[in-house]
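User: I have a model open and want to read it feature by feature. Where do I begin?

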Amino acid sequence: LNKFGDFDNSINFFKKSINLNHDYHLAYVNLGALQKYLGLYNDAIDTYLSSLNYKVNYEDIYVNLSEIYIMLKKFDLANDYAKKAIKINSSNYLALNNLATCKIYYGKQSEAIDLLENAKIINHSFFGTHFNLGMAYKNLGDYKNAISAFEDSIKLNSEFYESHFTLSEIQLSKNNFSKGWVNYEHRWDRNNPPVKINFSKPQWEPKLGYKKILLWEEQGIGDQILFSSIINDLIKKFEKIYLLTDKRLVDIYKYNFPQIVVLSKSD
């Protein structure tokens, strides 16, 4: 039922399974995983915590709890449950990753790297370890090692788009625009992408020519103002430009760029 997308019935049957056998570990794990997937984080936490009253595999439960608390940015709880899992099994690379994520949040990058290097020895093929290493090195300003770690993460899982996006930030800061802009396009594929507007017109590319183009705001007001420096370059190339922007900036843009048509989203 879960694989068919019938989530309500799937949840009900997992719960029935638990009622029939409170010691059945996989029922808790699968129910909690589905609730997490559906964004029902508090329900997932309740499921995992209730399992601790019975004869279940505490190691897995602790790892899953720490992961959810990381998603909720409750790093103190995430840290505690990751440590509990490691106390049971010091070779649990997922628990080591969760603990390292907490260390990164606390600003303890070197401690995180030590944990992650250990996790990498245990399981070199887990992409998350390499991504977290990249984050720790990036925070230290060690961009060479950060780039290497993000590239390793992408090789292991090209569909984990956080690696592409974070790598793009470093590449763009290093003026490596040819690779940086390609990876930056994966911002749309992330878990929390910018709000994208679906237009009936195609996205511009050079073969479409330079008659008309619509520029639209993707980020916040600060970024819109920052990238306004590019508008003059486009005015030199295109016959007509439409600018879709935040309504608070419409009058400012109309005054500074009288050659273009300025619209707010509500227009």
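This is a predicted model: local features need pLDDT of at least 70, side-chain atom pairs count only at pLDDT 80 or more; totals for chains, interfaces and linings use all residues.

User: How many residues does α2 have, and what span does it reach?

Analyst: α2 has 13 residues. From first C-alpha to last it reaches 19 Å, close to the 18 Å expected at 1.5 Å a residue. Gly39 follows α2, with a positive phi near 80°.

User: Which residues of α2 are buried?

Analyst: Start with the general idea. An α-helix has 3.6 residues a turn, so residues three or four places apart point the same way. In α2 the buried residues are His25, Ala27, Tyr28, Val29, Leu31, Gly32, Leu34 and Gln35. They pack against α1 (7–20), α3 (41–51) and α4 (58–71).

User: Why does Leu31 count as buried?

Analyst: Leu31 is buried because its relative accessible area is 2%, and the cut-off is under 20%. Leu31 lies in α2, residues 25–37. Leaving out residues up to four places away in sequence, Leu31 touches Ile11, Phe14, Lys15, Ile18 and Thr47.

User: Now the sheet. In what order do the strands run, and is the pairing parallel or antiparallel?

Analyst: The order is β1-β2-β3, an open sheet of 3 strands with parallel pairing. β1 (212–216) and β3 (261–264) are the edge strands, each pairing on one side only. Neighbouring strands are turned by 20° against each other on average, direction ignored.

User: How many bridges join β1 and β2?

Analyst: β1 pairs with β2 (residues 240–245) over 5 bridges, in the parallel sense. Lys212 stands opposite Lys240 in β2.

Key. Residues are numbered from 1 along each chain as its sequence is written. Side-chain values use heavy atoms; hydrogens and water are left out. Helices (H or I, at least four residues) and strands (E, at least two) are DSSP runs, numbered from the N terminus. Buried means under 20% relative accessible area, exposed over 50%, partly exposed in between (1.4 Å probe, protein chains only). Contact means heavy atoms within 4.5 Å. The expected span of a helix is 1.5 Å times one less than its number of residues. Two strands pair if DSSP finds at least two bridges between them. Axes are lines fitted to C-alpha atoms, for helices over the stretch in contact, and angles run from 0 to 180 degrees between N-to-C directions.
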